[in-house]
Amino acid sequence: MVDAARRRSEYTRSKAVQALRALDAAGEPVTFETVAKRAQVSRSWLYAQPDLRTEIEHLRAMLGRDPRSRIPARQRASDASLLRRLEAANDRIRRLTKENHQLREQLARALGERRAATTGPVLSGPL
């Protein structure tokens with residue numbers, strides 16, 4: 001009888017974990033109610049499971065900041081990753097700005113040389 005209760009408990013827990021993962025992977029809202037419905041368990045049982053409760057609250061808080069954001073947790077960029085991407089973008093902007101400045105100088109020189117070649121020498125004094 002104890003074994004049956006333990007197996008039932010493990011099965012219930014497994015259903016809840018699978019429901020939690022499936023909701024997060026699908027980018028759906030992760031709340032106690034949605035997990036309970038998907039896993040066919042009671043909300044009060046979920047609240048009584050400290051690790052599941054913590055994970056649901058964590059995912060709910062992350063999605064709660066921007067309700068339109070339904071990106072699964074494993075696909076979300078970390079702060080460190082975003083910082084590296086920002087640094088790379090800033091480096092690229094600096095490099096392109098420098099290259100743009102050099103190209104503008106080359107163009108100005110080339111246009112000046114072209115103008116000088118087509119107008120000929122400038123004569124001073126009366127003709």
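This is a predicted model: local features need pLDDT of at least 70, side-chain atom pairs count only at pLDDT 80 or more; totals for chains, interfaces and linings use all residues.
Residues are numbered from 1 along each chain as its sequence is written, and side-chain values use heavy atoms, with hydrogens and water left out.

The protein chain has five helices and zero strands, giving the pattern α-α-α-α-α along the sequence; helices (H or I, at least four residues) and strands (E, at least two) are DSSP runs, numbered from the N terminus. Of the 127 residues in the protein chain, 16% are buried, where buried means under 20% relative accessible area, exposed over 50%, and partly exposed in between (1.4 Å probe, protein chains only). The accessible surface of the protein chain, from the Shrake-Rupley method with a 1.4 Å probe, comes to about 10300 Å², and 54% of that belongs to carbon and sulfur atoms. Among contacts (heavy atoms within 4.5 Å) between residues at least 6 apart in sequence, 51% join residues at least 24 apart.

Helix H1 (residues 2-26) has 25 residues and spans 36 Å from its first C-alpha to its last, close to the expected 36 Å, a value defined as 1.5 Å times one less than the number of residues. Its buried residues are Thr12, Ala16, Ala19, Leu20, Leu23 and Asp24, and just after H1, glycine 27 takes a positive phi of about 75°.

Leaving aside neighbours within four places in sequence, leucine 20 is in contact with Val30, Val35, Leu52, Glu55, Ile56 and Leu59.

The structure holds one aromatic pair, a term for rings of Phe, Tyr and Trp (its six-membered ring) whose centres lie within 6.5 Å, with planes under 30 degrees apart counted as stacked, over 60 as edge-to-face and the rest as tilted. Phenylalanine 32 and tyrosine 47 form this stacked pair, at 3.9 Å centre to centre and 20° between the planes. Phenylalanine 32 lies in helix H2 (residues 32-39) and tyrosine 47 in helix H3 (residues 43-47), so the pair ties together parts that are 15 residues apart in sequence.

| Residue | Relative accessible area | Class |
|---|---|---|
| Phenylalanine 32 | 2% | buried |
| Tyrosine 47 | 36% | partly exposed |
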